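Colleague: I am new to this entry and would like to learn how to read strand pairing and helix packing. Could you take me through it?

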Amino acid sequence: MASRRDDDHADNGHGRPLPAVDGSDGNGPLPKRPRPSPLISSAEIADEFSHHDPSVARLNNGSFGSCPASVLSAQSRLQLQFLAQPDDFYFNRLQQGLLRSRAALCDLIGAGDVSEVALVDNATTAAAIVFQHVAWSFSEGVFSKGDAVLMLHYAYGAVKKSVHAYVARAGAHVIEVPLPFPVSSDDDIIREFRKALAFGKSGGRKVRLAVIDHITSMPSVVIPVKELTRICREEGVDQVFIDAAHAIGNIEVDVNDIGADFYTSNLHKWFFCPPAVAFLHTRKGAASSNLHHPVVSHEYGNGLPIESGWIGTRDYTPQLVVPDVVEFINRFESGLEGIRKRNHDKVVEMGMMLAEAWGTCLGSPPEMCGSLIMVGLPGCLGISSNKDAMTLRTYLREEFNVEVPIYYNPIMEGEAVVKDGSNYSVTGYARISHQVYNVEDEYCKLRDVINKLVHDGFSCTKLPSN
């Protein structure tokens, strides 16, 4: 592993040396790892998440994540330290804490050096940083007007809008990669990606950026990012940005092995941090020195990790508790890897249980999901639009205390139609999550509620807003 020195910046931006993590000098060695605690018990897990509303079947960890009580307590202590003496906190404590968090992440994600890792608010902020950089390349003539940017059709809505707000406005031609759903294999995705890439290069046009999700949000599918990144390199795509908002804590992350130029993942979704915090990894190269936080403050020009560590007076504590999160994770058997495996196995088991109960199917094979899986809903529910999907989701929350995202999958011409056990077309899917706090009764509650709606002859057309 390369040196953990953050050579680009040896002080806190105010002419004072960074206090050492170990108390020696600003770039001294990090503290030794604490001895592992005894493995966490089921009762202790329940206690860590006792602040959750017990009346709600919480099957949507994917949207907002969850933070254990021990980490919330650590965050509260840091917030009180700031309030007690804000000058001391900002000038003497903040940067060493951020460095400690970045170093912990560096080990977990396979980064070569801590200087490659920046902490930002969320993956949407990271996307804005990358797209701002690409937009400048268009506006300054480094890229030609009309050169292409690729993104998946199922890219997150905010990221899609950011592509248009930054990159298309600067002159890029945006191409969306259509993906099938339900999906049966990685080959389905690779085939469509190659087609879109060939179209992007047609007429001598250059593809300047590929935006690829590691796990699409809705519908949720794990994308073969390593293979797609390799294809981009072979085909001369300038830069690859992996939007992995759902990845860390959900699936294995090895940024060096994937080989993309930029990789971001939220830490508050599946990694137990309080909201909101994400990391942005930048592969060392020409682009890394030209990335800047869109909020310009006193640290502008000192490198993205340092710029991001001081963007004005605000609450930085979500970024500071990463070591506390690591300590919490290490209380579980096999740590993060064990959590991922157990969550994956359980969400697949629960997805299959629901699909069997409803006479439907999963939206992807188990190997193409992490701790999220798409389960077809009975076609008689009459989900015929995005509005229906959102209205049904609200109805499940307000009437039954079931929190689960609903996805509308329109029937596309030429595509095979998925039928349920009653020969209705399946146009709606529930995206279920599994995290360490979930119990089987929550999935049974969702099963029983949907079965009741079917038995009662429910249809989305009967909901008040339709």
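**Strands, then helices**

Modeller: Strand β7 (residues 262-266) and β8 run antiparallel and are joined by 5 bridges. Keep in mind that this is a predicted model.

Colleague: Which residue of β8 does Ser265 stand opposite?

Modeller: Ser265 faces Phe279 in β8.

Colleague: In what sense do β2 and β8 pair, and over how many bridges?

Modeller: Strand β2 (residues 117-120) pairs with β8 in the antiparallel sense, over 4 bridges. Within that pairing, Leu280 of β8 is the bridge partner of Ala118.

Colleague: Why is β8 largely enclosed by the rest of the structure?

Modeller: Residues count as buried when under 20% of their relative accessible area remains. In strand β8 (residues 278-282), 5 of the 5 residues are buried, so the strand is largely enclosed by the rest of the structure. Both faces are covered: Ala278, Leu280 and Thr282 are buried on one side, and Phe279 and His281 on the other.

Colleague: Now the helices. How are two packed helices described?

Modeller: By the angle between their axes and the distance between the axes. Here, helix α7 (residues 186-200) and helix α8 (residues 225-234) have axes that come within 11 Å and cross at roughly 25°. Angles under 35 degrees count as roughly parallel, and α7 and α8 are therefore roughly parallel to each other. Their crossing is right-handed.

Colleague: Which residues make the contact?

Modeller: From α7, Ile189, Ile190, Phe193, Arg194 and Leu197; from α8, Glu227, Leu228, Arg230, Ile231, Cys232 and Glu234. By class, the contact of α7 with α8 has 7 nonpolar and 4 charged residues, and no polar ones.

Note on methods
Residues are numbered from 1 along each chain as its sequence is written. This is a predicted model: local features need pLDDT of at least 70, side-chain atom pairs count only at pLDDT 80 or more; totals for chains, interfaces and linings use all residues. Side-chain values use heavy atoms; hydrogens and water are left out. Axes are lines fitted to C-alpha atoms, for helices over the stretch in contact, and angles run from 0 to 180 degrees between N-to-C directions. Helices (H or I, at least four residues) and strands (E, at least two) are DSSP runs, numbered from the N terminus. Angles under 35 degrees count as roughly parallel, over 145 as roughly antiparallel, 65 to 115 as roughly perpendicular and the rest as oblique. A crossing is left-handed if the near helix is turned anticlockwise from the far one by less than a right angle, and right-handed if clockwise. Contact means heavy atoms within 4.5 Å. Ala, Val, Leu, Ile, Met, Phe, Trp, Tyr, Cys and Pro count as nonpolar, Asp, Glu, Lys and Arg as charged, and the others, Gly among them, as polar. Buried means under 20% relative accessible area, exposed over 50%, partly exposed in between (1.4 Å probe, protein chains only). Two strands pair if DSSP finds at least two bridges between them.
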